[in-house]
Amino acid sequence: MNQTSKSYHCRTVEELTRELRHFAGERDWDRHHTPKNLASALIVEAAELLEHFQWLSQEESQDLAPEKKKEVAHEIADVFIYLTRLADRLDIDLMAAASEKMGLNAIKYPPKTHT
């Protein structure tokens, strides 16, 4: 069977969320996409991302070969997809939560002043 990948062109987190919701719904995955399972899958994918850098030096990790960079991009996408799906299942606005957290981090970690 010759399968070609379907093309998705989500431009916003909201569009991605809707597409992921539809994708999971078509496959009857909602019963499996509980917050616990999605958080677990997110950690597995993050570990797969880390695996690409496991034995690289700092310099090597910043200069990936094109094929390796593509593999890393796919792992980053997996992490982002599970994170987006988790936020959706918990009714969390991902962009609002990230913006709020950045504000808290700005207070917690103020810029250094040079005197």
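# Salt bridges and fold of an all-helix model

The side chains of Glu-26 and Arg-27 meet in a salt bridge, with 3.3 Å from N to O. This pair belongs to a predicted model in which a search of the whole structure finds 6 salt bridges. The protein chain has 5 helices and 0 strands, and its radius of gyration of 18 Å is well over the 13 Å given by the globule rule for 115 residues, so the chain is more spread out than a compact globule.

**Glu-26 and Arg-27**

- Glu-26 counts as exposed because its relative accessibility is 53%, over the 50% cut-off.
- Arg-27 counts as partly exposed, at 36% relative accessibility.

**Asp-88 and its partners**

- Asp-88 forms a salt bridge with Arg-21, and the closest N and O atoms of the two are 2.6 Å apart.
- This pair links distant parts of the chain: Asp-88 is in helix H4 and Arg-21 is in helix H1 (residues 13-26), 67 residues apart.
- Asp-88 also forms a salt bridge with Arg-85, where the closest N and O atoms are 3.5 Å apart.
- Asp-88 has a relative accessible area of 18%, which is under the 20% cut-off, so Asp-88 is buried.
- Arg-85 is buried as well, at 4% relative accessibility.
- Arg-21 is partly exposed, with a relative accessible area of 41%.
- A network of salt bridges links Arg-21, Asp-30, Arg-85, Asp-88 and Arg-89.

**Glu-75, a buried charge without a salt bridge**

- Glu-75 is placed in helix H4, which covers residues 66-89.
- Glu-75 is buried yet has no salt bridge.
- The nearest side chain of opposite charge to Glu-75 is that of Lys-68, 9.4 Å away, whereas a salt bridge requires a nitrogen and a carboxyl oxygen within 4 Å.
- Leaving aside residues up to four places away in sequence, Glu-75 touches Glu-45, Glu-48, Leu-49 and His-52.

**Overall fold and dimensions**

- Read along the sequence, the protein chain follows the pattern α-α-α-α-α.
- The C-alpha trace of the protein chain spans about 65 × 35 × 25 Å along its principal axes.
- Among contacts in the protein chain with a separation of 6 or more, 64% are accounted for by residues 24 or more positions apart.

**Surface and charge**

- Buried residues make up 18% of the 115 residues in the protein chain.
- The accessible surface of the protein chain comes to about 9600 Å², and 57% of that surface belongs to carbon and sulfur atoms.

Note on methods. Residues numbered from 1 in each chain as written. Predicted model: local features only at pLDDT ≥ 70, side-chain atom pairs only at ≥ 80, totals over all residues. Heavy atoms only, no water. Helix = DSSP H or I, 4+ residues; strand = E, 2+ residues; numbered from the N terminus. Rg over C-alpha atoms; globule rule 2.2 N^0.38 Å. Buried < 20%, exposed > 50% of the residue type's maximum accessible area, 1.4 Å probe, protein only. Contact = heavy atoms within 4.5 Å. Areas by Shrake-Rupley, 256 points an atom, 1.4 Å probe, with all protein chains shown as cover. Lys, Arg positive; Asp, Glu negative; His and termini not counted.
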